[in-house]
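Visitor: I'd like a friendly walk through this model, one question at a time. Could you be my guide?

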Amino acid sequence: MNYLKERILKDGKVYPNNVLKVDSFLNHQIDPAVVNAVEKLMYEHFKDRKITKVMTIEASGIAPAIMVANRFNVPMLFAKKTVPSTLKNQERYHALVHSYTKNTDSDVIVSKQYINKDDHILIIDDFLANGEAAKGLVSIARQAGATVAGVGIVIEKSFQPGRQLLEEMGLDVYSICRIQSLEDGQVTFVDGDE
Ligand code: 5GP
């Protein structure tokens, strides 16, 4: 069993609506050993894809994404949920993203300056649920004419439709750990996912 799974079993807390809280090691306080392990496994999986940029969405994707970007020695770019007053409409790409945990919609933006058609983008996020966040990032990359080289997820909730949605878009989805169920407050992992 990998270190991330051990931490989930020990410290993860299951909330209503199938929300797993991992604030003690990933989403609020961050354990460097967890993001180190994430970075190594992501690099192993995607190292042949000629990655030029790692992309995520603020805020909780930033910690794993910066570690992975550091390993690939490429910049990390995060989509912003608020538009800076200095960035004009025609200077940005945007996508509408529905938040699973907050049940709100945000129009997320990325400056056109930092992404172009020669980029091979690796999308990284902390969780995959319905796939909305990743779909928004794929849309932004494709608006720029960039190639999406893959989607790397720290914790996938495999009982939700995100993976299927992304695979139907032709994307390689790699998750460090895949959760089969959070029923009755118990975390179980996908069979054979050790
Ligand atoms: P999706 O867009 O795939 O529906 O949801 C992924 C996003 O929602 C992630 O960026 C993550 O921040 C948040 N999220 C979804 N499910 C969970 C969960 O169970 N726990 C936590 N902490 N965040 C979640």
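Guide: Gladly! Tyrosine 174 is buried, because its relative accessible area is 19% and the cut-off is under 20%. Keep in mind that this is a predicted model.

Visitor: Is phenylalanine 46 buried or exposed?

Guide: Buried means under 20% relative accessible area. Phenylalanine 46 has a relative accessible area of 0%, so this residue counts as buried.

Visitor: How many aromatic pairs are there, and what kind of pair do phenylalanine 46 and tyrosine 174 form?

Guide: The count comes to two aromatic pairs. For phenylalanine 46 and tyrosine 174, the ring centres are 6.1 Å apart and the planes stand at 80 degrees. Planes over 60 degrees apart count as one particular kind, so this pair is edge-to-face.

Visitor: How many residues apart in sequence are the parts that this pair ties together?

Guide: Phenylalanine 46 belongs to helix H3, while tyrosine 174 belongs to strand S9. The pair therefore ties together parts whose separation in sequence is 128 residues.

Visitor: Which element supplies the largest share of the largest nonpolar core?

Guide: That core has 32 residues, and Leu4, Ile8, Leu20, Val54 and Ile155 are those with the most contacts inside it. Helices H1, H2, H3 and H4 and strands S7, S8 and S9 each supply at least two residues of this core. The largest share is five residues, and it comes from H3.

Visitor: Which residues does leucine 20 contact, leaving aside neighbours within four places in sequence?

Guide: Leucine 20 is one of the residues with the most contacts inside the largest core. With those neighbours left aside, its contacts are Ile8, Gly12, Lys13, Val14, Phe127, Ile155, Ile179, Leu182 and Val187.

Visitor: How many residues are in the second, separate core?

Guide: Val110, Ile123, Ala134 and Ile140 are included in this second core. Its size is 27 residues.

Visitor: Where does arginine 71 lie?

Guide: Let's take two charges over rings together. The charged end of lysine 5 sits over the ring of phenylalanine 189, 5.1 Å from the ring's centre. Arginine 71, at 3.9 Å from the ring centre, lies over the face of tyrosine 43.

Technical notes:
Residues numbered from 1 in each chain as written. Predicted model: local features only at pLDDT ≥ 70, side-chain atom pairs only at ≥ 80, totals over all residues. Heavy atoms only, no water. Core = buried A, V, L, I, M, F, W, Y, C linked by side-chain atoms within 4.5 Å. Buried < 20%, exposed > 50% of the residue type's maximum accessible area, 1.4 Å probe, protein only. Helix = DSSP H or I, 4+ residues; strand = E, 2+ residues; numbered from the N terminus. Contact = heavy atoms within 4.5 Å. Phe/Tyr/Trp six-rings, centres within 6.5 Å; stacked < 30°, edge-to-face > 60°. Lys NZ or Arg CZ within 6 Å of the ring centre and 35° of its normal.
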